[in-house]
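User: Could you take a close look at how the domains of this protein are put together, and walk me through what sits between them?

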Amino acid sequence: MSGQISFFKSVENYVDKAAAFTDIPRGLVEQIKACNLVLQIRFPVRIGNDYQVIEAYRVQHSHHRLPTKGGIRYAESVDQDEVMALAALMTYKCALVDVPFGGAKGGIKINPGNYTVEQLQNITRRYTTELIKKNFIGPGIDVPAPDYGTGPREMAWILDTYQAFRHGEIDSIGCVTGKPVTQNGIRGRAEATGRGVFYGLRECMSYADDMAKIGLSKGIAGKTMVVQGLGNVGSNTALISQQEGDVKIIGIAEREGSIFSANGIDVEKLMAFRKETGSIIGFPGTEHIGGPSAALELECDILVPAALENQITLENADRIKAKIIAEAANGPITADADPILQKKGIVILPDFYINAGGVTVSYFEWLKNLSHHRFGRLENRFQHEAFHGILTKVEEMTGKTISDREKDFLTRGGTEVELVNSGLQDTMVVAYQQIRETFKQHPDIRDVRTAAFVCSLKKIASDYVSMGIFP
Ligand code: NAD
């Protein structure tokens with residue numbers, strides 16, 4: 001909950017604010033906002049010598065495109081409102097980045113740290129069975145993916161359970177994404193959300209005029225960054241920003257507390273240190289500055305909350321000193337804190353844009369699964385030989401020689417991960433350009449979140465209109 005209003009209500013309020021800048025009829029806005037299907041499940045799982053009743057959900061927010069898509073979260077915070085809000089954000093996210101799915105989300109109300117691997121496997125398989133029984137999962141129905149507290153391992157269990165029930169279904173491997181590469185996953189999916197955060201930030205910071213307004217020079221290189229949460233999204237955002245963007249990571253927060261170093265923190269070494277010691281505290285060259293939220297208040301160019309929702313609230317918003325906040329987590333800023341940050345002139349890159357890299361590459365994985373072959377497998381060698389032939393002709397016509405090494409480099413096709421990263425980069429760049437275009441069309445819009453919601457709403461509304469459901 002954020003202040004007095006719920007997470008789902010706060011998403012609805014953002015949509016209403018954006019809808020005022022469009023001419024979408026009120027009834028259609030209400031239809032877009034509504035959650036189409038909510039499944040609330042309780043099932044027993046044997047834990048030790050006893051049984052525990054597990055609370056779980058799957059919400060399909062919008063059926064305007066099928067299948068629906070969204071991660072599954074394992075966290076104690078899970079409740080119906082949270083899953084509904086996250087499912088709604090998935091609808092707007094998919095529309096924004098042109099991923100042709102409706103939004104969905106799942107959640108199991110557990111702390112995975114309290115269970116053995118075997119117990120987690122039982123819980124995951126039982127949850128999947130419930131989804132199958134209710135027709136809430138399938139490559140053309142609803143396709144889960146990882147989220148907070150889950151990863152490729154859980155996705156492999158879901159696939160195996162699905163295939164046990166749907167033996168022989170030819171596209172069954174497309175029933176879930178974020179799978180291990182060896183289990184029909186795709187290279188680049190594990191780091192896709194963090195990589196997308198980096199691409200989105202780099203694009204946003206490439207506009208000198210926009211950056212000048214917040215007192216920054218153009219470009220991401222050399223800028224300072226603070227990251228909260230060193231899980232899948234946070235660690236990849238930090239690593240890729242440091243290694244490929246030359247960003248200086250000056251602060252990191254995890255459950256055990258926050259650390260700071262004005263000279264920069266080597267993220268790869270920090271992760272190895274945490275693996276060994278179980279904590280980020282005590283990492284050489286850094287200072288322990290307080291609890292998990294202390295790092296949020298550090299002075300920096302870019303702040304990346306990448307843990308959970310409700311981290312920047314009415315209580316600490318005033319003390320946030322970042323120039324840009326990239327909402328890598330879903331809903332890290334409460335609705336009442338948002339206007340305070342806006343007033344301070346902070347640019348907020350909203351969750352449903354900046355963390356869209358995960359669903360984008362999940363879409364690529366689903367396409368790979370339905371086509372039953374790896375991207376590039378059919379055409380790479382053919383293209384290589386065709387391009388090689390062109391270069392040989394160029395040599396003949398110009399009388400100049402191109403070395404074999406150079407020829408090989410110029411003619412080779414992309415590997416799977418190169419193609420995935422290139423598609424991801426293009427997606428994040430094009431979506432940001434559409435958001436900027438919306439700003440130009442609506443000079444009254446002041447914040448990126450509203451502009452992004454306007455983009456998504458227009459696309460979803462046009463789907464409903466072309467279906468003939470609304471005039
Ligand atoms: P994760 O479980 O891999 O990592 C979360 C990390 O946050 C963990 O290391 C945890 O210890 C840490 N954490 C928890 N509470 C904290 C606190 N108060 N302060 C500091 N650290 C804390 O989860 P994830 O998949 O990285 O997801 C993180 C966020 O990103 C979630 O909001 C999720 O919905 C969102 N997201 C994830 C994906 C994805 O592909 N995994 C895609 C889009 C959005």
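Analyst: The chain splits into domain 1 (1-34 + 186-376 + 414-471) and domain 2 (35-183). Bear in mind that this is a predicted model. The C-alpha centres of domain 1 and domain 2 are 23 Å apart, and the contact between them involves 45 residues of domain 1 and 44 residues of domain 2.

Now for what's packed inside. The largest nonpolar core counts 97 residues, and the ones with the most contacts inside it are Tyr92, Leu201, Ile252, Ile324, Leu349 and Ile435. Helix H3 (residues 80-96) is the top contributor to this core, giving 12 residues. Why does the core lie between the domains? Domain 1 and domain 2 both give residues to it, so it lies between them.

Leaving out residues up to four places away in sequence, Leu349 touches Leu201, Cys204, Ile324, Ile325, Ala326, Glu327, Ile354, Tyr432 and Val448.

Phe439 has 24% relative accessibility, so it counts as partly exposed.

A few backbone spots deserve a look too. Most residues other than glycine have a negative phi, and most peptide bonds are trans. Leu66 and Pro67 are joined by a cis peptide bond, with omega about 5 degrees, and Pro67 is in the loop between strand E2 (50-60) and strand E3 (68-74). Asp98 has a positive phi, near 55 degrees, and belongs to the loop between H3 and strand E4 (102-108). Its relative accessibility is 47%, so Asp98 counts as partly exposed. Asn184 isn't a glycine either, yet its phi is positive at about 70 degrees. You'll find Asn184 in the loop between helix H5 (152-165) and helix H6 (192-204), and at 32% relative accessibility it counts as partly exposed.

Last stop, the surface: Phe387, Ile390 and Val394 make up a nonpolar patch there, with about 250 Å² of accessible area together. Phe387 is part of helix H13 (residues 380-398), and with 38% relative accessibility it counts as partly exposed.

Methods. Residues are numbered from 1 along each chain as its sequence is written. This is a predicted model: local features need pLDDT of at least 70, side-chain atom pairs count only at pLDDT 80 or more; totals for chains, interfaces and linings use all residues. Side-chain values use heavy atoms; hydrogens and water are left out. A nonpolar core is a set of buried Ala, Val, Leu, Ile, Met, Phe, Trp, Tyr and Cys residues joined through side-chain atoms within 4.5 Å. Buried means under 20% relative accessible area, exposed over 50%, partly exposed in between (1.4 Å probe, protein chains only). Helices (H or I, at least four residues) and strands (E, at least two) are DSSP runs, numbered from the N terminus. Domain bounds come from an automatic or database domain assignment. Contact means heavy atoms within 4.5 Å. Patches are made of residues with over 30% relative accessible area and no salt bridge: like charges are joined within 9 Å, nonpolar side chains (Val, Leu, Ile, Met, Phe, Trp, Tyr) within 5 Å. Accessible areas come from the Shrake-Rupley method with a 1.4 Å probe; for residues, only the protein chains shown count as cover. A salt bridge is a side-chain nitrogen of Lys or Arg within 4 Å of a carboxyl oxygen of Asp or Glu.
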